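Visitor: I am new to this structure. Could you show me how to read a few of its features?

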Amino acid sequence: MLGWDAGFAAQRCHRDTGIPWVYYFTDAWQMFVVPLARPVYGAYFHRSLLPSAAAICHCTPGWAHESCLELHRPVTCIIGGYNAEHMATFEAKESDHFTVAYVGSAGIGVQDPDRFFAGVAKLCRDAPELADNLEVLYIGWHQEVFRQRAAEAGVLERLRCLGTLPPEE
């Protein structure tokens, strides 16, 4: 689940039917467990919504551990369709350039990469020796958004889009 809506709907369904529900944090940057964000998003989420979940699950081991400590209950981890055994079979490859990889969704006004590409453009202007070996790799469905934003910032030549990839890749 991402955001509030699904959790509130699941909680109401649980109250009405008794069917247990699981809150799965699908985003590694969940604002709901960050203490500084609590005043913005409300204590209700932590006091009423999360305790009513039969289980809580996170998408990264680090966040699962932090949530477990903060919420004082077990929190499991499902890593975006990958598992530790599978990830351990891959070795890092040597490269002669620095690659920034973005995997996932993007949308104008949501996860808009315009500020990122503005930073890449500034790096290219201010420190071209550092930018010479810089590559931005986008893996996901929203290639046109990335191409548009990179072109607007004047750094389209730094962007490489792969589209979607199967989990094995």
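Guide: Gladly. Helices (H or I, at least four residues) and strands (E, at least two) are DSSP runs, numbered from the N terminus. Axes are lines fitted to C-alpha atoms, for helices over the stretch in contact, and angles run from 0 to 180 degrees between N-to-C directions. This is a predicted model, where local features need pLDDT of at least 70 and side-chain atom pairs pLDDT 80 or more, while totals for chains, interfaces and linings use all residues. Residues are numbered from 1 along each chain as its sequence is written, and side-chain values use heavy atoms, leaving out hydrogens and water.

Visitor: At what angle do helix 6 and helix 8 pack?

Guide: Helix 6 (residues 114-126) and helix 8 (residues 143-153) pack at about 40 degrees, and their axes are 9 Å apart. Angles under 35 degrees count as roughly parallel, over 145 as roughly antiparallel, 65 to 115 as roughly perpendicular and the rest as oblique, so helix 6 and helix 8 are oblique to each other.

Visitor: Which residues of helix 6 and helix 8 meet?

Guide: Contact means heavy atoms within 4.5 Å. Asp114, Phe117, Ala118 and Ala121 of helix 6 meet Phe146, Arg149, Ala150 and Ala153 of helix 8.

Visitor: Is leucine 49 buried or exposed?

Guide: Buried means under 20% relative accessible area, exposed over 50%, partly exposed in between (1.4 Å probe, protein chains only). Leucine 49, in helix 3 (residues 43-52), has a relative accessible area of 0% and is therefore buried. Not counting residues up to four places away in sequence, leucine 49 touches Gly7, Phe8, Gln11, Trp21 and Tyr44.
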